[in-house]
Amino acid sequence: MGARNRVIVLAALAALSLAVTGCASQEPAATEPAPAGSGGAAATIKEGLKVAFLPKQVNNPYFDASDNKGGKVAVEEFKGVYSQTGPSEASPSAQVSYINTLSQQGTDVIVVSANDKDAICGALQEARTAGAKIVTYDSDTNPACRDAFINQASPEGIAASQIKLISEAVGPDGGEIAILSATANATNQNAWIEMMKTELAKPENAKLKLVTTVYGDDDDQKSFQETQGLMAKYPNLKGVISPTTVGVAAAARYLSTSEYKGKVQLTGLGTPNQMREYVKDGTVRSFALWNPSDLGYLAAYTGGALASGMISGKEGDTFTAGKLGEYTVGKDGAVLLGDPFVFTKDNVDDFDF
Amino acid sequence: MAERISRLRSLVGSWDAALLVALVLVVAVGAVTVEGVASPRFWRFVTLEVIPIALIALPMTLVIVTGEIDLSVASVLGLTCTVMGQLWLWGVTSLPVLVVAGLLLGALLGAVNGLFVTVFGLPSLAVTIGTLALYRGLAYVVLGDRAVADYPPQWTAGAIGAIPGLTIPWAIIVVVVLAVAFGIVLHATPIGRGLYAMGNNAEAARFAGISVVRTKFWLFVATGAMSALAGVFWTLRYASARADNGSGLELAVVAAVLLGGVSIFGGRGGLIGVIAAVVLLGTLRNALQLAYVPANTLTIITGSLLIVSVVGPNVAGLLRERLRRRRPAATPVTQAE
């Protein structure tokens, strides 16, 4: 390095250090004034709230549905400023970087689907200190790190809806049904299956008889083969419930090209994009999942209510979420979206995820 | 004329100076145009994000100068996090013990890389692509899809705590001390000169009496240990040990080192440029994010910078070559006048 270069480098370094120390000596940025929530509850959502959606990752159709088709609508209804931002890969550290950015931008409400329930906690706490209200949706953090969680569906709701759908599909005569699950030790699957059994024990479902539960391990090939096996083993089978998106799509693919199409009914938890052709060709009458647009819509209203001081996120708080109506905050700040949403050939084209 | 050319030559030739100017520009333009860049909180967040990258970029610079590369660094980081997490689950609650265990593990993983590269003479690119997958796989064996997250909150608070009176985390002091140490080794010791010699011509370096095998082996050990140190910071900062911790970080590190002016073919580059590049990339990312630039655009910009970083120094080198060749031609003209 020549002497002249060294001078240039030193000058640049000096300028840089000046810039940095100059910044550091400034007063910390003023934090947003605390919402008037501690005193009397406000009646309406404040105008001009900055509401940012931070999904697990961007470029994901599910989150485009929840954020751009649900959250955005709600934010526009209460005259806030909507934005969606986030990393292109679903990693907690990338999400932390975006939370930091949002808190610097003076965001009033951060609606986030957590990539890790703990790793983003510190950043969320810093954002709260800076005045932001945190609402989690789709995937929760530790309850201590956020103000409210929008729960898409309760196990009871899912179980009741699955039994209702298969019962309608099979018809009043009932018959043998089977469950195609994910893995044998999946906690949520097993909870749902237990509740479906409780549901089946009710008198109105007496004609439905659960003969077996098989496991497709959330693997497309294995779920396909297990469905095939069910047909061979239970010739009187009338219906299959597959409360997993991988399983129900694989089962539908098998049934749609087999002799059992239309004879053996199928329902489950699936996504419109995977199930569209099977609903249209008659293999599946209806299937369920939550409506992501409603999820985002409710999350936005919850955040708006929090930031306006209408609710504080404690159990028993009530608020109105636009067209969805009145909601009550449950245990640990959880707000239940409602019963699962039923997709049929009539509405499946309204969704793209 | 000749003086002007030489001035131009030294300016174009100094990638370090160009980077520092770019950094000053980004900071200045950012501070004026993007609200928040001028705030101390911005620099706190940039520092927190940059620390693990800087920690790994230091030894990576030395490795690339010798003409080798280590792509397994992020996987070493991930495996360190999970092993520390598993030890914590087994009841090891002493932070110093966990840190030492993590660093030893990192050194060991680096030694495995070093062994394959030096003793078996395999190309480091192939070896470390292998261990990139292997170490990440082992991390999943250790913790699966579980996360260990019940570390004491005061550990996190301690790790990201600020220097009294400032917003900048104190951990940056560790980085600065290490940077000075690596800088002295690379630029002011016979070992450092040996590293450049290896990068330019390993055969000649060996004949010159430099122990290529031993030096490279210990470089890989140091890289492993530094990656583990980044893993320790990662674990403490996020209070979350997961098998996918830091995945993809090796690209951020290599991008910073190359943008810093280190030649991917070895033998050229220095630490000042690399450190400037690490800070430049971190500042640029955060400033653009603050300016509401979407993630997709950000990826494109980072990718373009990486291309510039590989092409830039080479073009600068070519220009320098051209100008040097023009100088003898210029001299007779001066005489004729």
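Q: Where is the place of A:D217 in chain A?
A: In this predicted model, A:D217 sits in the loop between β7 (208-215) and α7 (220-233) of chain A.

Q: Why does A:D217 count as partly exposed?
A: A:D217 has 17 C-beta neighbours inside 10 Å. A buried residue needs 20 or more and an exposed one has 12 or fewer, so A:D217 counts as partly exposed.

Q: What is the phi of A:D217, which is not a glycine?
A: Phi of A:D217 is positive, about 55°.

Q: What makes A:D138 count as buried?
A: There are 22 C-beta neighbours inside 10 Å of A:D138. The threshold for burial is 20 or more, and A:D138 therefore counts as buried. A:D138 belongs to the loop between β4 and β5 of chain A, and its phi, near 65°, is positive in a residue other than glycine.

Q: Why is strand β8 of chain A said to be largely enclosed by the rest of the structure?
A: Six of the six residues of β8 (residues 237-242) are buried, so the strand is largely enclosed.

Q: Which strands pair with β8 of chain A?
A: Strand β6 (residues 175-181) of chain A pairs with β8(A) in the parallel sense over four bridges, and A:E176 stands opposite A:L237. Strand β9 (residues 265-268) of chain A also runs parallel to β8(A), joined by four bridges. In that pairing A:V240 is opposite A:L266.

Q: In what order do the six strands of the open sheet of chain A stand?
A: The order is β2-β1-β3-β4-β5-β13, with parallel pairing. Because β2 (81-84) and β13 (334-336) have a single partner strand each, they stand at the edges, and one side of each is left without a neighbour in the sheet. On average, neighbouring strands are turned by 20° against each other, direction ignored.

Q: Which helix packs on this sheet, touching β1, β3, β4, β5 and β13 of chain A?
A: Helix α10 (residues 292-307) of chain A does so, and its direction makes about 160° with that of β4(A).

Q: Why does the largest nonpolar core lie between domain 1 and domain 2 of chain A?
A: Of the 199 residues in this core, those that touch the most other members are A:I110, A:V111, B:A57, B:V253, B:A256 and B:V278. Helix α3 (residues 40-65) of chain B supplies the largest share, 18 residues. Domain 1 (50-152 + 292-338) and domain 2 (155-289) of chain A both give residues to the core, so it lies between them. The centres of these two domains, taken over C-alpha atoms, are 33 Å apart.

Q: Which residues does A:V111 touch, not counting those up to four places away in sequence?
A: Among them are A:V51, A:F53, A:V135, A:Y137 and A:G303.

Q: What radius of gyration does chain B have, and why does it agree with a compact globule?
A: A compact globule of 337 residues would have a value near 20 Å; chain B has 22 Å, which agrees. Chain B holds 14 helices and two strands, and 49% of its residues count as buried.

Conventions. Residues are numbered from 1 along each chain as its sequence is written. Chains are lettered from A and ligands numbered from 1 in the order in which they are written. This is a predicted model: local features need pLDDT of at least 70, side-chain atom pairs count only at pLDDT 80 or more; totals for chains, interfaces and linings use all residues. The radius of gyration is taken over C-alpha atoms; the globule rule is 2.2 Å times the number of residues to the power 0.38. A nonpolar core is a set of buried Ala, Val, Leu, Ile, Met, Phe, Trp, Tyr and Cys residues joined through C-beta atoms within 7 Å. Domain bounds come from an automatic or database domain assignment. Two residues are in contact if their C-beta atoms, placed from the backbone, lie within 7 Å. Two strands pair if DSSP finds at least two bridges between them. Axes are lines fitted to C-alpha atoms, for helices over the stretch in contact, and angles run from 0 to 180 degrees between N-to-C directions.
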